[in-house]
Amino acid sequence: MRDYVQIAIDYAIDAIKDKERKKYCKLIRQAAKRFLDDLKRADKKKCPFFFDEWHAKDACDFLEKLPHAKGNWDPPTIVLHPSHIFFVVQLFGFRKKTFIKIKDWADDDKFYPRRFSSALFAVARKNAKSTLSAGILLYCLCCEPENGAEVISAATTFPQARIIFDTAKIMVEKTFDIREAFGLECWSKSISRFETNSSFKPIHAKASTQDGLNPSHIGIDEIHAHKTADLLNVLQSALGARANPLILYTTTEGYVNAGPWQEIRKFAQDLLKGSFKDEADHFLVVFYALDDDDEELNPESWIKASPFIDINPYLLDEIKKAAIEAKQMPSKMAEFRIKRLNKPSSAADIWIDLRKWDKCDGQVDLEFLKDYPCYGGLDLASTSDLTSLSLTWNIDGEIYTYNWGWCPTSAISYRTERGTVPYAGWVEKGHIKQTEGDVTDYTVIESDILELFNKFNIVNIAYDSWNAQTLVNNLVAEDVPMIQFIQGAKSYHPAMQATEIYYVSGKLHHGGNPVLRWCASNMVARRDPNLNMAPDKKKSADKIDYLVSMLMSIGVMIADIEVNEDEDIEAAFKDVLII
């Protein structure tokens, strides 16, 4: 048996020594520091966990006794890469100090559960993450004392869920010793362990059909592809009955969508940054990716996302070929960034590039802005969900925008129960105002707009005439300047073109509003035969109201800028356009 614990420690030390980040990205260096700090913490009396070398080594040794599922290898059994050892040693080595009484477990019947009940291993393609996940879940089935264990491989589709399951199934079928030692039997859609009445099965994302599950260990493959949190919510709630549960996320990045991966990624990166101190001791994160300041087409940086490059020359050749295509064909760049660099990318039909959008989260100081002229956009498209007002300021070429939103109680309750979008959290943080009833209370909106009108120097508020006439008439009666915004490409195209220039050049400041970001991640643009743009609400993934109101405010703002007939919008905004 190799000294797996020392290999993990040496790996962490090497990562920390790599201060120039030539081989290890910032996230791995942070994970390494966390590991070494936790080893020191584990020796202290007040620490809620300890480190057990036997458990760490036993899990690694088990994985190295498994065969490769595909291909011809020498040796035929798995040899764990240090990146995998670094993950497995932490996952199984750290144990809680509170024990569970289990008959015939050790000499004193005491079993100490894993410290980590959630774990994320994120890495670029072709770094054996499916093999790693299959091995870990098999170890949980065979070597953790869970009577009636339900080990599950879950994904958006059944074929995707079968990737990890089939890998584990082949491993078992090829290894007589493991079948005999643990009494395993393979079926077409299940691996059974009769001694403990346990099983290992694949399931897909039709969450409504998964009620009644009682999972003990869950492997969720390619979490980035989940467009909703439905399956994840069902599985997480079902884990509550287990004393030693595990949710194992293995993923490569993907196109940005409104699914749960965005929040999981942010949580994981904040955890490694130290934002939660010791409050997230249950969650293990190992995240390989290029750093933001790395040159994406520089081969020397690729090992940060693909640690297997140092042992697999064929992988480096594959990435080089993909890089050549990405450099010559822009349509290939997003795929290269995702699969080879483990970096997120906006989908081709999603209008906003969220990587650039997120860099525009500068502070919006309303007290500072209140004396400057501003322009508004009011989107009243839905009475049963979000309604939004945006105000936008242009101060010396810097664009500041701020959103106010309203939503009826029934919609917030519905969204909260479904667990798909955190409306309740947004209400609590003041990003949405809750109105009583099943539909939005326009009297509340009217009162709030009048209050804003008295506070800010509003030049005009653009509105969509649909469903808004009574409210608009009331506001006009109070001398609020309202202007109709025609819903079509003719009105939206200049606003959208200007917005693209603003946020790509870094001149837009939106304050990091999470509802606005969510709407931006949902929005798809439609184009007419002349390639003029407008929001496509039918094709957008979910609500886009906050972004639409912002576009309307920018549209009415740029209408006040004099543009000669032979000038296009880029010429009009040459002071903010950065090439």
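## Strands, helices and one buried leucine in a predicted model

Strand S14 and strand S15 (residues 398-408) run antiparallel and are joined by nine bridges. The structure described here is a predicted model. Within this pairing, threonine 387 has tryptophan 406 in S15 as its bridge partner. Two residues lie between the strands of the S14 and S15 hairpin, where aspartate 396 takes a positive phi near 55 degrees.

S14 (residues 387-395) also pairs with strand S13 (residues 373-379), in the antiparallel sense and over five bridges. Here aspartate 379 stands opposite serine 388 in S14. How much of S14 is covered? Eight of its nine residues are buried, so the strand is mostly covered.

| Strand pair | Sense | Bridges |
|---|---|---|
| S13 and S14 | antiparallel | five bridges |
| S14 and S15 | antiparallel | nine bridges |
| S8 and S9 | antiparallel | three bridges |

### The open sheet

In another part of the model, eight strands form an open sheet with mixed pairing, in the order S7-S8-S9-S6-S10-S11-S5-S12. Strand S7 (184-186) and S12 are the edge strands, each pairing on one side only. From one strand to the next the twist averages 15 degrees. Strands of a sheet pair through backbone hydrogen bonds, and the sense may be parallel or antiparallel.

Strand S8 (residues 191-193) pairs with strand S9 (residues 198-203) in the antiparallel sense. Arginine 193 has serine 198 in S9 as its bridge partner.

Helix H6 lies across strand S6 (150-154), S7, S8, S9, strand S10 (217-221) and S11, and runs at about 145 degrees to S9. Helix H9 packs on the sheet as well, touching S5, S11 and S12, and its direction makes about 95 degrees with that of S12.

### Helix H5 against helix H6

H6 (residues 158-173) also packs with helix H5 (residues 129-143), at an angle of about 65 degrees and with the axes 8 Å apart. The crossing of H5 past H6 is right-handed. From H5, the residues in contact are Ser130, Thr131, Ser133, Ala134, Leu137 and Leu138; they meet Ile163, Ile164, Thr167, Ala168, Met171 and Val172 in H6. Which classes of residue make up this contact? There are eight nonpolar and four polar residues, and no charged ones.

### Helix H9

H9 (residues 261-273) has 13 residues, which at 1.5 Å a residue should span 18 Å; its end C-alpha atoms are 18 Å apart, so the two values agree. Its buried residues are Trp261, Gln262, Ile264, Arg265, Ala268, Asp270, Leu271 and Leu272. The elements covering them include helix H2 (26-41), strand S5 (118-122), helix H8 (230-238), strand S11 (246-251) and strand S12 (283-287). Just after H9, glycine 274 takes a positive phi of about 95 degrees.

### Leucine 547

Leucine 547 belongs to helix H20 (residues 545-558). Is this residue buried or exposed? Its relative accessible area is 0%, and leucine 547 is therefore buried, the cut-off being under 20%. Apart from neighbours within four places in sequence, leucine 547 is in contact with Trp351, Ile352, Trp357, Leu516, Cys519, Ala520 and Met523. Leucine 547 and valine 286 are 261 residues apart in sequence, and their C-alpha atoms are 34 Å apart in space.

Technical notes:
Residues are numbered from 1 along each chain as its sequence is written. This is a predicted model: local features need pLDDT of at least 70, side-chain atom pairs count only at pLDDT 80 or more; totals for chains, interfaces and linings use all residues. Side-chain values use heavy atoms; hydrogens and water are left out. Axes are lines fitted to C-alpha atoms, for helices over the stretch in contact, and angles run from 0 to 180 degrees between N-to-C directions. Helices (H or I, at least four residues) and strands (E, at least two) are DSSP runs, numbered from the N terminus. A crossing is left-handed if the near helix is turned anticlockwise from the far one by less than a right angle, and right-handed if clockwise. Contact means heavy atoms within 4.5 Å. Ala, Val, Leu, Ile, Met, Phe, Trp, Tyr, Cys and Pro count as nonpolar, Asp, Glu, Lys and Arg as charged, and the others, Gly among them, as polar. The expected span of a helix is 1.5 Å times one less than its number of residues. Buried means under 20% relative accessible area, exposed over 50%, partly exposed in between (1.4 Å probe, protein chains only). Two strands pair if DSSP finds at least two bridges between them.
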